[in-house]
Amino acid sequence: MTIIIIVITVIISLLGFSNNELRHKLLFNAWYIKHENQYWRFITHAFLHADFIHLIVNMYVLYSFGRVIESGYGYYFGHKAYFYYFLLYLGGILFSCVQDFAKQKDNALFNSLGASGAVSAVVFASILIYPQGSIRFFFIPIDIPNVIFGLIYLYYSYYMGKRGRGNINHFAHFWGAVFGVVYGFIIKPQVIISYLSNLL
């Protein structure tokens with residue numbers, strides 16, 4: 001599932017880099033959703049990215065933490081694992097832009113893009129399953145614990161969101177994280193026990 005999502009996202013993002021008309025049709029724009037009934041924008045914006053760096057970072061993080069979700073959900077749900085993973089990713093996309101829709105539905109100039117909300121949902125859902133895990137970036141020669149990475153991820157998102165540069169919706173990271181944690185608790189309450197026991 002992780003590889004499939006990455007492949008689809010990379011293809012659509014690359015097409016968006018070279019086709020401004022397509023990019024414009026797929027961006028999240030609350031005004032078009034409300035006034036032109038272009039509801040697909042709730043989802044399609046997550047498959048576009050601002051540039052190669054934005055795309056690479058999101059897909060690398062998704063690959064790193066998505067494998068944990070596949071393994072953990074496979075253990076908990078068996079053959080239904082991919083279905084629950086799909087709902088996690090889709091829910092992260094939708095939940096992360098609900099606030100923006102409410103605030104920007106009459107602002108035709110507000111646009112955003114990126115898989116940040118969905119990726120953040122995956123990150124925090126995986127931290128819930130495997131809090132003792134870690135991630136390593138090639139430019140940082142040490143393992144970063146998942147919990148620490150999650151906190152850094154949120155702080156960076158808040159800081160960049162305050163700066164408000166570009167069409168990247170950094171605040172979506174926060175709402176995606178909230179969804180990832182709540183979703184994990186709802187679909188498998190036993191995860192709470194597992195999470196607490198792993199921390200102790």
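In this report, a contact means that heavy atoms lie within 4.5 Å. By that criterion, and leaving aside neighbours within four places in sequence, Y84 is in contact with Y73, F77, Y183 and I187. The model is predicted: local features need pLDDT of at least 70, side-chain atom pairs count only at pLDDT 80 or more, and totals for chains, interfaces and linings use all residues. Residues are numbered from 1 along each chain as its sequence is written, and side-chain values use heavy atoms, with hydrogens and water left out.

**Overall architecture**

The secondary structure of the protein comprises 11 helices and two strands. Helices (H or I, at least four residues) and strands (E, at least two) are DSSP runs, numbered from the N terminus. In order from the N terminus, the elements are α-α-α-α-α-α-α-α-β-β-α-α-α. Of the 200 residues of the protein, 46% count as buried; buried means under 20% relative accessible area, exposed over 50%, and partly exposed in between (1.4 Å probe, protein chains only). Among contacts in the protein with a separation of 6 or more, 72% join residues 24 or more positions apart.

**Helix packing**

Axes are lines fitted to C-alpha atoms, for helices over the stretch in contact, and angles run from 0 to 180 degrees between N-to-C directions.

| Helix pair | Axis separation | Crossing angle |
|---|---|---|
| α5 (residues 52–77) and α6 (residues 81–95) | 8 Å | about 135° |
| α6 and α10 | within 9 Å | roughly 145° |
| α8 (residues 116–129) and α10 (residues 171–187) | within 7 Å | roughly 40° |

The angle between α8 and α10 makes the two helices oblique. Angles under 35 degrees count as roughly parallel, over 145 as roughly antiparallel, 65 to 115 as roughly perpendicular and the rest as oblique. The crossing of α8 and α10 is right-handed; a crossing is left-handed if the near helix is turned anticlockwise from the far one by less than a right angle, and right-handed if clockwise. On the α8 side, S116, G117, S120, A121, F124, A125 and L128 take part, and they meet A172, H173, G176, A177, F179, G180, V181, G184 and F185 in α10. This contact of α8 with α10 contains nine nonpolar, seven polar and no charged residues. For this count, Ala, Val, Leu, Ile, Met, Phe, Trp, Tyr, Cys and Pro are nonpolar, Asp, Glu, Lys and Arg are charged, and the others, Gly among them, are polar.

Helices α5 and α6 are likewise oblique to each other, and α5 passes α6 in a right-handed crossing. The residues of α5 that take part are L62, G66, I69, E70, Y73, G74 and F77, which meet A81, Y82, Y84, Y85, L88 and Y89 in α6. By class, the contact of α5 with α6 has 10 nonpolar residues, two polar and one charged.

The crossing of α6 and α10 is also right-handed. Here Y84, L87, L88, G91, G92 and F95 of α6 face W175, V178, F179, G180, Y183 and I187 of α10. The contact of α6 with α10 consists of nine nonpolar, three polar and no charged residues.

Y84 belongs to helix α6. Between Y84 and Y183 the C-alpha to C-alpha distance is 9.7 Å, although the two are 99 residues apart in sequence.

**Salt bridges**

The structure holds two salt bridges, each defined as a side-chain nitrogen of Lys or Arg within 4 Å of a carboxyl oxygen of Asp or Glu. One joins the side chains of E21 and K25 at 3.5 Å, N to O. E21 and K25 are four residues apart in helix α2 (residues 20–26), and are therefore separated by about one helical turn. E21 is exposed at 53% relative accessibility, whereas K25 is partly exposed at 44%.

The other joins the side chains of K34 and D106 at 3.0 Å, N to O. Because K34 lies in helix α3 (residues 30–36) and D106 in the loop between α7 (98–104) and α8, this pair ties together parts that are 72 residues apart in sequence. K34 is partly exposed, with a relative accessible area of 36%, while D106 is exposed at 53%.

**A backbone feature at N37**

Most residues other than glycine have a negative phi. N37, a residue other than glycine, has a positive phi near 55°. N37 is placed in the loop between α3 and α4 (41–44), and is partly exposed, with a relative accessible area of 46%.
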